Each structure stands twice: as structure tokens, then as C-alpha cells.
Amino acid sequence: MAQKEQFRVLTGDHLGAKAIAGAPAAGGGVVVEVREKKGTLRAAIPTMPFPLAVICLFLNTFIPGLGTFISAFTVLCGARSELISERGVCCVFWLNMAAALIQILTAVIMVGWIMSIFWGMDMVILASQYWSS
């Protein structure tokens, strides 16, 4: 049986009140739980120290795939990732190398460059979420 998770809801006079997924909300509606499902490549993005994530974003912006290539080696140096427990460090390393290769090869048609920038932004977001808590 699935457990119901608690999260904050911003409704009416009860700003910040806790609600249970599937339970009635203050305004008479029902609280809906939203979770983002990540693909294998995206779940392999490592959580690095914030300054390194910013450097990888900068590199990915100007040389598509270079920041992703460097981030692959942070997995070998102990950076965390959502997939390490499931697939292991070596597999996560190669998934990041594959993402870097895809970004480099498709940069010519702009797809890789855009993907590279989004990858760098995800690195910074993961780093800020992890290191701020």
C-alpha cells in the first residue's frame, strides 16, 4: 500500500500549512501530488559542489559537452547521483560520458548546444538544492 506524503500547500489563510496527498484542502479542493519522473540520462547527473557546477554550466554554454564531460569524472571522485545505488558508479560515469558525446555530436544542429546548457542548469540546480540543505 502506498504511503501518503506530506508537503506544503499555499492556499488561502493557511499559507505553509501541511497537507496530505489526496486529502481535502482548505479551499474545498483536493491536494494532488506531483512528482517529476527523470529519464536515465538525466537521473545520472551528478550532484557536485556549487562552484564546480557553475564552472560546468559555463563550459557547457560555450563549448557544448565539455562541462558534462568534466562532470562525468566527478562521479569517479565521489559525487552523488540518483542512479548510483541502482546501477553503480561505473555505469553512471559512462552514462555521463554518453550524454557529453551526444551533446558534442549534435551541437552542429543546435540540439546539443541547447541540451548542454540545460544539462549545466540542472547541475547548478542539483548543487544548490543539496548544498543549501
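This report walks through the fold, helix packing, aromatic pairs and cores of one predicted protein model.

Some ground rules come before the details. Residues are numbered from 1 along each chain as its sequence is written, and side-chain values use heavy atoms, with hydrogens and water left out. Because the model is predicted, local features need pLDDT of at least 70 and side-chain atom pairs count only at pLDDT 80 or more, while totals for chains, interfaces and linings use all residues.

**Overall layout**

The protein chain has six helices and two strands. Helices here are DSSP runs of H or I with at least four residues, strands are runs of E with at least two, and both are numbered from the N terminus. Starting from that end, the order is β-β-α-α-α-α-α-α. Of the 133 residues, 33% count as buried, where buried means under 20% relative accessible area, exposed means over 50% and partly exposed is in between, using a 1.4 Å probe on protein chains only. Among contacts with a separation of 6 or more, 58% come from residues 24 or more positions apart; a contact is a pair of heavy atoms within 4.5 Å.

**Helix α3 and its neighbours**

Two packed helices are described by the angle between their axes and the distance between the axes. For α2 (residues 50-62) and α3 (residues 66-76), those values are about 150 degrees and 6 Å. The axes are lines fitted to C-alpha atoms over the stretch in contact, and the angles run from 0 to 180 degrees between N-to-C directions. On the α2 side, L52, C56, L59 and N60 make the contact, and α3 supplies L66, G67, T68, I70, S71 and T74. Sorted by type, these residues are five nonpolar, five polar and no charged. In that scheme Ala, Val, Leu, Ile, Met, Phe, Trp, Tyr, Cys and Pro are nonpolar, Asp, Glu, Lys and Arg are charged, and the others, Gly among them, are polar.

Within α3, the buried residues are G67, T68, S71, A72, T74 and V75. They line one face of the helix, because seen down the axis they fall within an arc of 155 degrees, the arc being that of the directions from the helix axis to the C-beta atoms. This set packs against α2, α4 (84-87), α5 and α6 (111-132). Just after α3, G78 takes a positive phi of about 110 degrees.

**Aromatic pairs**

Rings of Phe, Tyr and Trp (its six-membered ring) pair if their centres lie within 6.5 Å; planes under 30 degrees apart are stacked, over 60 edge-to-face and the rest tilted.

| Pair | Centre to centre | Angle between planes | Type |
|---|---|---|---|
| F69 and F73 | 5.2 Å | 75 degrees | edge-to-face |
| F73 and F93 | 5.2 Å | 65 degrees | edge-to-face |

F69 and F73 both sit in α3, four residues apart, about one turn of the helix. Ring pairs link F69, F73, F93 and W94 into a cluster.

**Nonpolar cores**

In soluble globular proteins, nonpolar side chains tend to be buried together. A nonpolar core here is a set of buried Ala, Val, Leu, Ile, Met, Phe, Trp, Tyr and Cys residues joined through side-chain atoms within 4.5 Å. The largest core has 11 residues: I45, M48, A53, C56, A99, M115, W119, M123, V124, L126 and A127. Both α2 and α6 give two or more residues to this core, and α6 gives the most, with six. Leaving aside neighbours within four places in sequence, M123 is in contact with I45, M48, A53, C56, N60, G67, T68 and S71. A second, separate core has six residues, including A43, A44, V92 and L95.

I102 lies in α5 and is partly exposed at 37% relative accessibility. Not counting residues up to four places away in sequence, I102 touches L41 and M115.

Most residues other than glycine have a negative phi. M110, in the loop between α5 and α6, has a positive phi of about 75 degrees although it is not a glycine. M110 is partly exposed, with a relative accessible area of 44%.
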